[in-house]
Amino acid sequence: GKNDFARARIEFRNAIQLKDDFLPAWRAIASLEEKQQNWPAANAALRRIANLDPKDIDTRLQLATMALFSGHFQEALEWADVANLIDPANARTHALRAATLFKTGDETTALQEARRSLELAPGNKEAITVLAAERFAHEDNDGALQLLGTITGNATDDPGVELFRIKIYQKAGELDQAEQRLRNLVERYPQDQTLSTQLLQFYLARDKKDQAEELLRRAADADTRNSAAGLALVGFLKDARGEATARRELVQRLKQAADPFPYKMALAEFDIATGHGEAAEDQLKAIVKDDKAPDHVKAAQLRLAQLYVATKRFAL
């Protein structure tokens, strides 16, 4: 749990306070911060490791990747160059250089680097993705897809590569193929919110209301604590199926919710928006009277005051 991470972090920090150049502790910290997706701290730890271990290619490539993804291309190249000095025959280094150079618009050198990477490690995902991106940029969708088909090893069903494929199918106008593949990805990674959102946008753009509703309903039913998912469904229903259906859903969710407060507030907002201010007022007063959580009461009181101001009834 979170506490274990906190405890481990303290232990490792203590170790480096005793011995600032203790590499194993720095490596543990870097890995810990990455797991927690605490990128600034991970980055700082990796820099320290790079400082302490002049031969560590992987750390330098990790730093290059981080710089690349955050749009710092010059820094990404610098880290990759240093890695390249340590071992000129590292396929990952050439692939990373290729990706970065492609981003900076130096296509010619990028393609050279990608091909060098493939000589060193045939079928590697990173280099092939750069070659495919170049084809895609030049409107050669079939060429890009063919290249992605040459990726070998366990990267053949890599989600990033699959998303790139979907993008290509989309651009080529093969929307059924793109949608089917996106659906498969969502089934494989049900926890990934960005994938679900992308699929939802796909459905909405193609006016597939039933599929959109099913997707949102699945997310809302998966966890009764996730009021955001429940309210997203309600919002969709209001647009797609009308106010009455949406309100029924909202009341239903309110009854089953682990924490009904967000739904109660949403119901009040719903009633205000649809011209039932009195129902909203009753709903908010009930929260003030019955809810045990001080911040809930405060939120309801504030909303009531705003409602009174909006309807010019200042006598609280």
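Mentor: Let's start with a charge and a ring: Lys238 lies over the face of Phe270, at 5.3 Å from the ring centre. Keep in mind that this is a predicted model.

Trainee: What makes Lys238 count as lying over the face of Phe270?

Mentor: Part of the test is that NZ of Lys must be within 6 Å of the ring centre, and Lys238 is at 5.3 Å. Another case is Lys171, which lies over the face of Phe136 at 4.4 Å from the ring centre.

Trainee: How many aromatic pairs are there?

Mentor: The count comes to one aromatic pair. Its partners are Phe136 and Phe164, with ring centres 5.7 Å apart and planes at 85°.

Trainee: Why is the pair of Phe136 and Phe164 called edge-to-face?

Mentor: Centres have to lie within 6.5 Å and planes over 60 degrees apart for that name; with 5.7 Å and 85°, Phe136 and Phe164 are therefore edge-to-face.

Trainee: What does the pair of Phe136 and Phe164 tie together?

Mentor: Phe136 belongs to helix α8 (residues 125-137) and Phe164 to helix α10 (residues 159-171), so the pair links parts that are 28 residues apart in sequence. Both Phe136 and Phe164 are buried, too.

Trainee: Why are α10 and α11 called roughly antiparallel?

Mentor: The two helices, α10 and α11 (residues 175-188), pack at an angle of about 160°, with axes 8 Å apart. Angles over 145 degrees count as roughly antiparallel, so α10 is roughly antiparallel to α11. The crossing of α10 and α11 is left-handed. Residues in the contact include Leu163, Ile166 and Tyr169 of α10, along with Leu182 and Leu185 of α11.

Trainee: And why is α4 called roughly parallel to α6?

Mentor: Helix α4 (residues 57-69) packs against α6 at an angle of about 15°, and their axes are 11 Å apart. The cut-off for roughly parallel is under 35 degrees, so α4 and α6 get that label. Here as well, α4 passes α6 in a left-handed crossing. Among the residues making the contact are Leu61 and Leu68 of α4 and Leu96 and Ala99 of α6.

Trainee: How do you know that Arg97 counts as buried?

Mentor: Buried means under 20% relative accessible area, and Arg97 has 15%, so it's buried. Arg97 sits in helix α6 (residues 91-103) and touches Leu77, Ala80, Asp81 and Glu113, leaving aside residues up to four places away in sequence.

Trainee: What is the phi of Gln37?

Mentor: Gln37 has a positive phi of about 55°, although it isn't a glycine. Most residues other than glycine have a negative phi. Gln37 is in the loop between α2 (23-35) and α3 (39-52). Glu139 also has a positive phi, about 65°, without being a glycine, and it's found in the loop between α8 and α9 (141-148).

Trainee: Why does Gln37 count as exposed?

Mentor: Exposed means over 50%, and Gln37 comes in at 57% relative accessibility, so it qualifies. Glu139, at 56%, is therefore exposed by that rule as well.

Conventions
Residues numbered from 1 in each chain as written. Predicted model: local features only at pLDDT ≥ 70, side-chain atom pairs only at ≥ 80, totals over all residues. Heavy atoms only, no water. Phe/Tyr/Trp six-rings, centres within 6.5 Å; stacked < 30°, edge-to-face > 60°. Helix = DSSP H or I, 4+ residues; strand = E, 2+ residues; numbered from the N terminus. Buried < 20%, exposed > 50% of the residue type's maximum accessible area, 1.4 Å probe, protein only. Lys NZ or Arg CZ within 6 Å of the ring centre and 35° of its normal. Axes fitted to C-alpha atoms, helices over the stretch in contact; angles between N-to-C directions. Parallel < 35°, antiparallel > 145°, perpendicular 65-115°, else oblique. Left-handed = near helix turned anticlockwise from the far one by under 90°. Contact = heavy atoms within 4.5 Å.
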